[in-house]
Amino acid sequence: MNNWLRKNPAVRSVRVAAADLNGQPRGKRIPTRFADKALEDGTRFPFSVLNLDIWGEDIEDSPLVMESGDKDGVLRATERGFMPMPWLENPTALLPIWMYHDDGRPFAGDPRHALNAVLKRFKAKGLTPVCAVEMEFFLIDDSGRKLQVPPSPRSGKRRQAGDILSMRALDQFDNFFTELYDACEEMDIPADTAISEAGLGQFEINLMHCDDALRAADDAWLFKMLVKGLARKHGFAASFMAKPYPDYAGNGLHMHFSVLDEEGNNVFDNGGPEGTDILRHAVAGCLSAMQGSGLIFAPHANSYDRIVPDAHAPTSVCWAYENRTSSIRIPSGSHKARRIEHRVAGGDVNPYLMLTAVLGAAIGGIEDAAQPPAPITGNAYSLDLPQIPGDWQSAIDIFETDPVVARIFPADLIRNLVMTKRQELRDMAELSPEEQVEIYLETV
């Protein structure tokens with residue numbers, strides 16, 4: 001039996017799970033005594049399972065379903081291996097997996113494989129991206145008809161307003177955050193600083209930088225799963241949906257990245273605040289892909305409630321030094337840590353697709369030695385700039401045909417995601433805003 005399972009004899013069942021295009025974990029429950037088979041031989045389920053809509057339904061007319069006989073793929077363990085699932089009552093192990101064809105080829109519709117393909121482009125140039133993400137989420141009492149912040153376990157009172165960087169807000173849910181950090185330790189998720197944010201019951205936890213972008217995406221995916229599961233254990237909900245409250249700021253998922261050469265030097269660092277030519281090439285690549293990748297950064301109907309002017313989410317294609325109204329920000333601080341912050345994505349994204357979009361755009365800019373426009377100064381919302389798609393339909397249409405997107409993502413994945421989002425766009429139109437919130441609150 002696997003060493004981890006041998007050291008954890010209380011574990012009686014295993015979950016094997018992969019991320020679908022919406023970032024939803026899809027997989028199976030396996031008794032522990034059969035876990036070795038899953039490790040050695042993999043497990044099987046249909047290719048179409050990684051291409052379901054947000055309700056978990058097949059995509060109509062998808063070539064992965066009836067047209068091909070709904071064939072199976074083989075799913076093999078990722079490098080992550082077994083880990084605990086601390087939000088469940090019974091000791092349980094999770095084994096992350098990703099999908100292949102029987103002949104060993106990666107399945108092009110698997111978002112983790114899309115990220116891996118982009119990382120191979122970095123490796124071909126002797127480069128390694130170093131990534132960190134900021135995870136924003138809301139704690140929500142959804143037991144009644146109206147969403148509200150949960151009552152504090154300490155005082156029994158509800159916090160009625162956003163309270164930026166409030167120690168009191170953190171202390172009110174100290175037991176939850178203590179258990180969350182303990183669980184991150186158990187799962188080897190590098191959770192760093194926690195703060196309260198501008199929204200009602202909104203918090204942010206940063207995940208530490210990592211020189212393995214696949215692992216950074218794993219961390220973000222697992223963290224979302226953990227936070228949502230642990231919140232339910234404490235009697236309330238946690239949600240990464242882009243905009244649960246119309247009158248408060250939404251959830252973002254900001255990504256910071258630098259790039260190392262083969263000697264471990266930061267190729268964005270020129271010893272000063274402006275950064276290197278390679279940094280500007282990466283910025284140019286990110287800007288060139290921003291409109292086409294809008295569907296990745298805002299994948300759901302609710303996502304577009306966040307991308308509005310003056311709401312702490314960027315709406316225009318631009319970059320700047322130390323300016324949080326821009327979509328690409330170059331933070332100040334030590335030149336040794338010179339990096340790019342990509343600020344467009346909502347908390348509701350699939351982390352694998354988001355990192356693929358950002359890093360794929362950056363390596364394209366580096367490969368082409370592309371030059372960005374001049375950085376902006378002042379308030380980006382008040383400037384005449386190209387705009388990030390502001391509605392779901394437009395984002396789907398642009399993603400389908402954009403040549404920069406086609407350079408980043410496999411054609412099959414583009415097709416599958418477009419079909420998925422068109423089906424969701426149609427079906428979401430039949431739901432009330434309250435029904436839409438209900439589905440997104442639990443899923444994204």
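Strands here are DSSP runs of E, at least two residues long, numbered from the N terminus. The model in these views is predicted.

**View 1. M135 sits in strand β7, at residues 128-140.** M135 is buried, with a relative accessible area of 0%. Setting aside neighbours within four places in sequence, M135 is in contact with F203, E204, I205, L207, A220, F223, K224, F240 and L253. Look for N206 here too: M135 and N206 are 71 residues apart in sequence, yet their C-alpha atoms are 5.9 Å apart in space.

**View 2. Helix α6 covers residues 213-233.** With 18 of its 21 residues buried, α6 is largely enclosed by the rest of the structure. At the start of α6, check out D212: a side-chain oxygen of this residue comes within 3.1 Å of the backbone nitrogen of L214.

**View 3. The largest nonpolar core holds 116 residues.** F176, F223, F257 and F409 have the most contacts inside this core. Helix α6 gives the most to it, with 13 residues. Zoom in on F176 and you'll find it touching F137, L139, V227, L230, A231, H234 and F236, leaving out residues up to four places away in sequence. There's also a second, separate core of 21 residues, with I30, V49, L52 and F107 among them. As a rule, nonpolar side chains in soluble globular proteins tend to be buried together.

**View 4. Helix α9 runs over residues 351-368.** Its 18 residues should span 26 Å at 1.5 Å a residue, and the end C-alpha atoms of α9 are 26 Å apart, so expectation and model agree. Most of α9 is covered, with 16 of its 18 residues buried. N350 caps the N-terminal end of α9, placing a side-chain oxygen 2.9 Å from the backbone nitrogen of Y352. Just after α9 comes A369, with a positive phi of about 50 degrees.

**View 5. Q436 belongs to helix α13, residues 433-443.** Is Q436 buried or exposed? Its relative accessible area is 19%, so Q436 counts as buried, the cut-off being under 20%. Beyond its neighbours within four places in sequence, Q436 is in contact with A301, M428 and L431.

Notes
Residues numbered from 1 in each chain as written. Predicted model: local features only at pLDDT ≥ 70, side-chain atom pairs only at ≥ 80, totals over all residues. Heavy atoms only, no water. Helix = DSSP H or I, 4+ residues; strand = E, 2+ residues; numbered from the N terminus. Buried < 20%, exposed > 50% of the residue type's maximum accessible area, 1.4 Å probe, protein only. Contact = heavy atoms within 4.5 Å. Core = buried A, V, L, I, M, F, W, Y, C linked by side-chain atoms within 4.5 Å. Expected span 1.5 Å × (residues − 1). Polar contact = N/O pair within 3.5 Å; in protein donor to acceptor, adjacent residues only side chain to side chain.
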